[in-house]
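Please look through the structure below with its sequence beside it. The paragraphs that follow start from a single residue and then widen the view.

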Amino acid sequence: MSRRVSTGALVAHHLRSRAGGGLTVAALVLLLSLLATSAPIALTLLGDASLRERLSTLGATERDVDSDTALFPQTGASGQELPTDADRVWAPFLDAVEVIRTDADAPLPDLLGPAHAVALSGEAPLEEDPRTKLVRLAFAPGFDEQIRLAEGDLPQPASVEGDGVRVEIVLSTETADQLEWAVGEERHVAGASIPTTLVLSGTFDALDAGDAYWQHVPSVLSPNVFDDGNSPRSVTGTGFANPASLTAAGAMDAASQTTARTLVWYPLDVAAISRDTAEQTAAALRKFTSVSHPVGSQAGGIGILSLRFAADVTGAIENAIAQQAATAGVIAMIVAGPVGVAAAVLVLGCRLILERRRSSLRLLSARGASTGQLRGLLGLEGAIVGLVPALVGAAVATLVGSLVLGVTPEPVWFAAPLLIGLAPCAVLTALAASAAERQARADLGRRGGRVRLIVEGVVAGVAVLALALLFFRGYGGGADLLLTATPLLLSLVACLVTLRVYPMPLRSVFARARRGARLDAFLGSARALREPAIGLTPVLALVVGVSVAVSSGVLLSALQSGITESARGQVGADMSVSGATFTREQLEAVRGLDGVAAATGISGADPSTLDVDGEKRPTSVFVVDAADLRAVQGDAPGMLPPGASLDARSGAMPVVVSGPTAAFIGGSDRVRVGSTDAEVVGVSTGPVPIGEREDWVAIDSSYAEKVLGRDPSDRTLLLRLNPGASAAAVEEELRTLIGADLRIRTAGEIVASIEQGAAVQGVRIALLTATGVAALLSALAIVMTLTLAAGARGRVIALLRTLGAPRRSATSLALWEIGPPAVAAVVSGTVFGALVPLVVLAAVDLRPFTGSGIQPAYHVDAATLALTLGGFVLLAVVFTAVALLASRRVRAASALRTVEEG
């Protein structure tokens, strides 16, 4: 007696049997959903890391929002009595400055700390030694919180003493030593409008010399010493007076050699700026610094009426945003390749499930199952192997991202895993009806047809249109949809071309094989032509996979080349030395060091005027020795563009200018630097060893007296080293010869610094990961293709074995199935992959990655290309070999038992 089996039990039994294809698709969906959810998490982390990295390297003066304004704050003091309450003197000004901060656009009130303010008097000579000793006073509320007294006491408020004023100050230990000023000693200001006596009440050391406070007022800790060897050595020291003494500073105005000014700065918490808030922060800073902020009134007397702030950090934030946009664009374009391969492999996986279920579905259809029931059954299986692993993969990535990495998930991140999970349901449901039908022979019937031509024409037209729009419209920034879609469309065109072209040489091989004696070649080429096991889907996977490997190698090569060129331009030679003023004697001594082949100097920036057709603008002039500079720089990037010569000649003075200066000059031939006629012989648009200054002119030293009235001292030395010389040894000799505080750079050090950056590392990892994923998916596509064709191939092999064919015939036939189209796909993928970087380099700005003003050029490095393409081919070959070994295990009896084709 048989028992009745429920429908649920039958469905469960159906799903459990022949589950190999379903398990393969489930594993694939799990991997893809995990990667799809991890990608935005990684991009968020990368954006935050690159932003923090760029901002953390800034000094306080570059990071903080500051103002440097002439005059002192309005104090409201009147009469002859000097105030003694610092809060009363400074409160109106500091309250107004705090209101400016709190009224700023979000998120600035949370990012900016309470302001620091320091009022600095002009530099005034001391009567005791007016030629060599000068002093300036600093009035700073809260300064006592930044110092530690070494000797004496804090200064008391200024007081009236007879007909004059008595002001107590404290000096840093170093400044007091340089000025030879003892605690308790009185000195007098020479030429003051009111006799002013300065009393050194104490000396101090910084509580924390590395605190950002001292970067804004470095002259307070260390005096300014001027010694050019031509005049007596002079020392200018800055001392803190009591903040309430600000009203007494006016007595020094007549004696001052410089203008009194007030520094105000808000410390900026760059650690609180994230990838999501960077653009809003930059916009708020631009608005904050574009207007003047009132802090006083006309009725308040002499003093500052308004403050205008500067924020150099805005440029750094904008550069970080541009770098993030370029990173997103490159990664989106690269990820588009594996996405196309993944889609193709998912379709193959669904076909594999259908092939495993074909006999069951035909039996169910024969016993009365409707098309709707078949669709429901396959849709259920698609949900199990699709949605379930997709949700698991997304959940795992989200939990790791939120709990371990601290990234807050966004709802849009789950769109891609959801689509991946629904894909098997959609494909299996759509193909359910065809799976239950009688399978037609692949080698019979019409080939091609009008529909195929129309589809191919539409695909090619859309690809050309997308490419034209990309170049016409330009790159939209970030993960631009057009930039992402264009490579995929071009890869589809390459795939269609491959399918059209590869049968042509194959027909020649078949014609030759039918005249030969080898059965494998004849049968294999015949089956490859009449019954191609590999079709659009696997060819697409291979074409895109190979193109990703090649384009990744080319882009990595171009990026590396651009970084190297940028580093070389920033140094301008093998080594650059700065951080001091260098004499002619020091330059000659440097030329005599072991390992130094040649050396030359570049002056500091001297102000001058650029006159173009009567329109004048200020510029900076750098003086070089043209012949020596060319000998040191050679033809590598640097100060002199290739082919430019500054050597003295008759006629107008030859000059090399920066890109912005050249734009101002335009095509004019009426150019004057100062009062000297000039001719532009070169434009330097890339990095140069004088820093990131925009407007500058370089001239030969023979014109220095005529243009500047003197030949200025060198502020940068450039060195060319002997082949094989040790840069570290030369650096040690330089520090011994000139001083330990030099800033010495080599191109290699700059390259290492840029390459260790988060953005460059992120792009490199993304390119290599995309190559690896594309290789695995392409290899899986080959394996699935061999599996799908295993039935027909098995029957042919079984028949051949009954006729006495050797076992190697199985491997030979499998190779003939995938070999011709695979080879064609590799060739076309290589050609296409070499063209994709041209699109990327033309559309995406990669300059933020290299630190250069010049877009990296197309470059192919053999070693890098071997790594990406070789790794791809190796993985594909290994997986294919495993599949071929499995395909040889065919039993003749089982293969010949049934034949479904007919």
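Asp714 counts as buried because its relative accessibility is 6%, where buried means under 20% relative accessible area, exposed over 50%, and partly exposed in between, with a 1.4 Å probe and protein chains only. Asp714 lies in strand β23, residues 714–721; helices (H or I, at least four residues) and strands (E, at least two) are DSSP runs, numbered from the N terminus. Not counting residues up to four places away in sequence, Asp714 touches Ala580, Thr581, Phe582, Arg584, Leu587, Gly601, Ile602 and Ser603, a contact being heavy atoms within 4.5 Å.

The model is predicted, so local features need pLDDT of at least 70 and side-chain atom pairs count only at pLDDT 80 or more, while totals for chains, interfaces and linings use all residues. Residues are numbered from 1 along each chain as its sequence is written, and side-chain values use heavy atoms, with hydrogens and water left out.

Taken as a whole, the chain has 902 residues, of which 48% count as buried, and its secondary structure comes to 31 helices and 24 strands. Of the contacts between residues at least 6 apart in sequence, 80% join residues at least 24 apart. The chain exposes about 41,600 Å², and carbon and sulfur atoms supply 57% of that area; accessible areas come from the Shrake-Rupley method with a 1.4 Å probe, and for residues only the protein chains shown count as cover.

In soluble globular proteins, nonpolar side chains tend to be buried together. A nonpolar core is here a set of buried Ala, Val, Leu, Ile, Met, Phe, Trp, Tyr and Cys residues joined through side-chain atoms within 4.5 Å. The largest such core has 73 residues, and within it Leu777 and Phe849 touch the most other members; helix α19, residues 536–571, gives the most to this core, with 14 residues. Leaving aside neighbours within four places in sequence, Leu777 is in contact with Leu28, Leu32, Pro338, Val341, Ala342 and Val345. A second, separate core of 61 residues includes Val97, Phe139, Trp181 and Leu307.

In helix α21, residues 626–633, Ala626, Leu629, Val632 and Gln633 are buried. Seen down the axis of α21, these buried residues fall within an arc of 130 degrees, so they line one face of the helix; the arc is that of the directions from the helix axis to the C-beta atoms. After α21 comes Gly634, whose phi is positive, near 65 degrees.

The structure holds 22 salt bridges, each being a side-chain nitrogen of Lys or Arg within 4 Å of a carboxyl oxygen of Asp or Glu. One of them joins the side chains of Glu98 and Arg101 at 2.6 Å, N to O, and both residues lie in helix α4 (residues 86–102), 3 residues apart, about one turn of the helix. Glu98 is partly exposed, at 27% relative accessible area, whereas Arg101 is buried, at 12%.

Another salt bridge links Arg670 with Asp613, whose closest N and O atoms are 3.9 Å apart. Arg670 lies in the loop between α22 (659–665) and β20 (671–673) and Asp613 in the loop between β17 (606–612) and β18 (615–624), so the pair ties together parts that are 57 residues apart in sequence. Arg670 counts as exposed at 57% relative accessibility, while Asp613 is partly exposed at 44%.

Finally, some backbone angles deserve attention. Most residues other than glycine have a negative phi, and most peptide bonds are trans. Asp613, although not a glycine, has a positive phi of about 55 degrees, and phi of Leu71 is also positive, near 80 degrees. A cis peptide bond, with omega about 5 degrees, joins Ala106 and Pro107, and Pro107 is placed in the loop between α4 and α5 (108–111).
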